[in-house]
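Biologist: I would like to learn how to read the features of a protein model, one after another. Could we go through this one together?

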Amino acid sequence: MSGVMKRMGMIFRAKANKALDRAEDPRETLDYSYQKQLELLQKVRRGVADVATSRKRLELQLNQLQNQSSKLEDQGRKALALGREDLAREALSRRAALQQQVTDLETQHRTLQGEEEKLTLAAQRLQAKVDAFRTKKETIKATYTAAQAQTRIGEAFSGISEEMGDVGLAIQRAEDKTAQLQARAGAIDELLASGALDDQSGLAKDDIQSELDRLSGGTDVELELQRMKAELAGGSSSQQQALEGGAGQSRTQSQDTPRFDKQ
């Protein structure tokens, strides 16, 4: 059971890692890393400022103690000059206690000064590192953006991008439907021509009717041609009447010709 749980956990982590990899934008990650470095640099600078403030406070205390020590020394000399050795001894005792405090403060001052120098150097190195990272970050972002644009252009030209793929599928579907309609129209024309399908509009003619119409049309053309020749030759009106009579007989014969309707 534990093996199954471990395997499920591994599969879940793998899928989560893949999903995060698709969602991750390297430019955003670089900007976030740069922001964190700036925050760290700011903390180091505040640390340097705090140490410098403590050092300055110790220097002020040292100055005060040194002034008090000098004042007690002067008081001891004056008391000794006045023959007050007891007062002089008391003043020197107080001066000795202050001197011990001065020594302790000087030791703390040297320690803080050393820490301040270390933090200052660390801040300078971190500043240089942040500046170098910023330059590298912008270079990587520009390169990534250019590569991304180049990839999209290449995908658009090759037609493998999602947008162009949709356009290609739409064109393919339109071409398939057009070809299907053309094939259907051609098949219907062939069936109508062969007589396998009836024309419901009543405009279609069978072969016999078509042949009769063609012969009738040819006779009318011949008669009209003869009339024009007679007019050009200056024929008499009787000839024209004979031609018209012949045309009437032809039309009568044509009308008497049996017509076969389509069954």
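Modeller: Let us begin with the elements: helices here are DSSP runs of at least four residues, numbered from the N terminus. In this model, which is a predicted one, the elements of the protein chain run α-α-α-α-α-α from the N terminus on, and the secondary structure comes to six helices and zero strands.

Biologist: How many aromatic pairs does a search of the whole structure find?

Modeller: In general, a pair of aromatic rings is described by the distance of the centres and the angle of the planes. A search of the whole structure finds one such pair. Tyrosine 34 and phenylalanine 133 form this pair, with 6.5 Å centre to centre and 15° between the planes, and because planes under 30 degrees apart count as stacked, the pair is described as stacked.

Biologist: Which parts does the pair tie together?

Modeller: Tyrosine 34 lies in helix H2 (residues 26-81) and phenylalanine 133 lies in helix H3 (residues 85-158), so the pair ties together parts that are 99 residues apart in sequence.

Biologist: Are tyrosine 34 and phenylalanine 133 buried or exposed?

Modeller: Tyrosine 34 and phenylalanine 133 are both buried, while in the protein chain as a whole, buried residues make up 13% of the 263 residues.

Biologist: What sits over the ring of tyrosine 34?

Modeller: The charged end of lysine 137 sits there, 5.0 Å from the centre of the tyrosine 34 ring.

Biologist: And what can be said of contacts across the chain?

Modeller: Taking contacts between residues at least 6 apart in sequence, 77% join residues at least 24 apart.

Technical notes: Residues numbered from 1 in each chain as written. Predicted model: local features only at pLDDT ≥ 70, side-chain atom pairs only at ≥ 80, totals over all residues. Heavy atoms only, no water. Phe/Tyr/Trp six-rings, centres within 6.5 Å; stacked < 30°, edge-to-face > 60°. Helix = DSSP H or I, 4+ residues; strand = E, 2+ residues; numbered from the N terminus. Buried < 20%, exposed > 50% of the residue type's maximum accessible area, 1.4 Å probe, protein only. Lys NZ or Arg CZ within 6 Å of the ring centre and 35° of its normal. Contact = heavy atoms within 4.5 Å.
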